[in-house]
Amino acid sequence: MPEPPWTRDRGVDAVLQSWQELGAVQRCIAAERRFEQSAGDFRPLPAWLSAPARRALGERQIDELYSHQVLAIEAARQGRHVVVATPTASGKSLCFHLPVIEALAADPAATALYVYPTKALSRDQEHSLLGLLNDAQVSSPAMVFDGDTPGDARRVAKERCRVVLTNPDMLHAGILPNHARWAALFQGLRYVIVDELHVYRGVFGSHLAHVLGRLLRIARFHGSKPQILGATATIGNPLEHAARLYGVPTEAVTLVDRSGAPSSEREVYLYNPPVITPELGVRESSLKHSVSLAADLIEARVPTIVFGPSRNSVEVMLKYLRERTAGKAPADSIMAYRGGYLPETRRRIEAGLRNGEILGVVATNALELGIDIGDLDAVVCAGYPGSVAATWQRFGRAGRRGTRSIAVLVCGSSALDQYLTRDPRYLFEAGAEEARIDPGNVEIVIQHLKCATFEAPFELVEPGKNRARPRAAEGEAYFALGLDGTRDALDYLAGHGLVHAAEERYQWIGEAFPASSVSLRNIGWDNFVIIDVKTGQSIAELDYRAAHTMLHEQAIYQHDAEQYQVEKLDFENHKAFVRRVEPDYFTTALTYRTVSVLEEAATTSLGCALVGHGDVKVLERVTGYKKIKFFTHENAGYGDVHLPEMQTHTTGFWLTVPEAFVESLGVPRPLVIDALRGVGAALETVATLSLMCDPRDLGQTLGDGAESSERTGTASPAGRDPFQKRWGNFDPTVFLFDAHPGGVGLAPRIYERSPELFARAESLVEQCPCGGGCPACVGPGSENSSRKALALRLMRELVSRASPVSRAC
């Protein structure tokens, strides 16, 4: 009997077939790659595995382990620090759960501490860990200890819990400063579990390295010496990154990076929306095309996750997706998941994903992490997330059931997105980026040295000069400072009245609680609470930086596909008062950014230009907003914003073009400045690719080198200030700066490779097929625009002309 005409085909295969039949979709496929199903590498359970661990595995019908799981737990048994770097859904959790169960079963005083990057992830993992401990019949209470933990539960965690799950912020400010109340935990501490190591990059990772160092110091104070077991998604330097976070030599860490888990069949597509303005290189909206593809999947009952580039875009796509699937899928079967939602809302969405009630979810990178969201069969990414590692982390969210899955990267008009469409091998064949931290950053070192001194005094008695004293380490050096460096740093604190020094013993005497003034994530301690004026209820919260762009007065704040207008922003008390409205537009903030040099580290010439790197100050202010029409994305007007500026001290690279050179080109000055903006865009693109960093790690702007020089008397190698106003009042300067406060070493690397990067930028622009400039090279121009041609001329003549020391320039 034939199928009724109203019957819809369901499943991944049906969607792929319909896309192949639709020429409009097929024409947009820039590249595709099929990854065949692969068998797993299984190993028998180790003979030494205890009965409780075997019992827990048996309850889950596990009678074999993957090869990488066996290697990891054997390394842990041998007393090694471990890092597991295998793909998503490869069973990394058992690599540290099993050693913990072994320790708890063998020693009734043994304890373990789990550190997860977010509260949501620790809550999610608490459920699975408790189930495993119950199945093992190990009497070991496990509990999450974070800012949401009630007072009674906190007392239980301190007094009775042998397994504590927390996040870096609570460990830093809640547990370590009060370690005496956690004596039972620290005295028996066998394992410290640090999951999602790839998240700890930049300043956050630099802070965590110190928090872990303080943790190990306090453990030694209480008589324990724990091992650190970590897990990470695929990154380019897992061993080195883990060793720097753990604060140990690489020789002390065992790397497990060959996965023994089976993988299901996966098809990956690079989708490039059609060009709508050929002369500008602008393409149709990647958000709209992502929604269209996701709607096809959801209508075919394919569990799907859509990743958006920002919180605002997630809410816009949720609105579009619900309207597109109206009558074909219930509205509450499609949800959004992002930072800012209240904890109970996030947990309800997570539960709905696990039990299958939610068919589609639109998310930010909050769901890149290992939160259990059930079985998904499709991933759609609206825009390149910024790194190869993050892209594959997102793709790995589908296909966990062992069935065929698909992943679609919908490219935007940006340079990186278009680079991938021209050279998809970068995505499919290049290795993942490296995770970089800089724990030696002086500001971070001093902050955590204060915290460490508050937690336990330092005794710098050299070996052989032992004397009776409290239980502090003999000749103890802090982190990588060495004994002399630690003494100098502590003397510096003593000189400021924070530390008392007596006979090589340094003790905290400051009145302030040092951890309370150190934010690991470089945002304000207090989020902004969003209050619905009609109900008086809090509906969400946002961090300090996001509040500037999303909660200014008259902004349209979007929440669960509904729109609220901000009527009042109480900046001092961190409250935003909003009212439910039904506008036909949403708002996006307009920002203005300036960079000034604080101190030069090095300068040199690059042809006629001057390049340098050093400490810079970045000032950013939200100056206004624009209204964007839903669906058409037309501009519907502007408004002003009056908020305090945001200031960041970081490191930067600069390229200064002498005013004399600008005048010698014989081209109107505004055109030269516009072309320099294009040079900056091209340099930013090639620097991101060459350094294999996330584009969000770098910022770029055009400023005045002369103005920036007011900060320092440092002379150039030629014996003069390279920013001296010899040629006029304005020396145009392209800045590339580290987006992480304090910097993580990107600016010096750009400086060292500046000739190579300049050549690559020239090649990028020269080989771009556009006419006058496009988002893939120097930014949008027009077919008759001089931006691209002038940018190429600038790059060629800057390098070919004489050194700026010569007036021939």
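Strands β20 and β21 form a hairpin with 2 residues between them, and Glu-503 in the turn has a positive phi of about 50°. Helices (H or I, at least four residues) and strands (E, at least two) are DSSP runs, numbered from the N terminus. This is a predicted model: local features need pLDDT of at least 70, side-chain atom pairs count only at pLDDT 80 or more, and totals for chains, interfaces and linings use all residues. Residues are numbered from 1 along each chain as its sequence is written, and side-chain values use heavy atoms, with hydrogens and water left out.

**The hairpin**

- Strand β20 covers residues 499-502, and strand β21 covers residues 505-508.
- The two strands run antiparallel and are joined by 4 bridges. Two strands count as paired if DSSP finds at least two bridges between them.
- Ala-502 has Arg-505 in β21 as its bridge partner.

**The whole chain**

- The chain holds 26 helices and 32 strands.
- Its radius of gyration is 28 Å, close to the 28 Å that the globule rule gives for 809 residues, so the chain is as compact as a globular protein of that length. The radius is taken over C-alpha atoms, and the rule is 2.2 Å times the number of residues to the power 0.38.
- Along the principal axes, the C-alpha atoms fill a box of roughly 90 × 80 × 55 Å.
- Of the 809 residues, 56% count as buried. Buried means under 20% relative accessible area, exposed means over 50%, and partly exposed lies in between (1.4 Å probe, protein chains only).
- Take the contacts between residues at least 6 apart in sequence: 73% of them join residues at least 24 apart. Contact means heavy atoms within 4.5 Å.

**Surface and charge**

- The chain exposes about 33100 Å², and carbon and sulfur atoms supply 49% of that area. Accessible areas come from the Shrake-Rupley method with a 1.4 Å probe; for residues, only the protein chains shown count as cover.
- There are 86 positive and 97 negative side chains, and the centres of the two sets lie 1 Å apart. Lys and Arg count as positive, Asp and Glu as negative; His and the chain ends are not counted. Each charge is placed at NZ of Lys, CZ of Arg, CG of Asp or CD of Glu.

**Strand β30 and its partners**

- Strand β30 spans residues 646-656; 9 of its 11 residues are buried, so the strand is largely enclosed by the rest of the structure.
- β30 pairs with strand β28 (residues 609-629) in the antiparallel sense, over 11 bridges. Here Lys-617 stands opposite His-649 in β30.
- β30 also pairs with strand β32 (residues 732-738) in the antiparallel sense, over 5 bridges. The bridge partner of Trp-654 in β32 is Phe-735.
- In a regular strand the side chains alternate between the two faces of the sheet.

- Asp-296 sits in helix α12 (residues 286-299). With 17% relative accessibility, Asp-296 counts as buried. Beyond its neighbours within four places in sequence, Asp-296 contacts Val-15, Trp-19 and Arg-324.
- His-81 belongs to strand β4 (residues 81-85). With 14% relative accessibility, His-81 counts as buried. Leaving out residues up to four places away in sequence, His-81 touches several residues, among them Pro-226, Tyr-246 and Thr-254.
- Glu-572 lies in the loop between β25 (562-570) and β26 (575-581). Glu-572 is exposed, with a relative accessible area of 72%. From C-alpha to C-alpha, Glu-572 and Met-646 are 15 Å apart in space and 74 residues apart in sequence.
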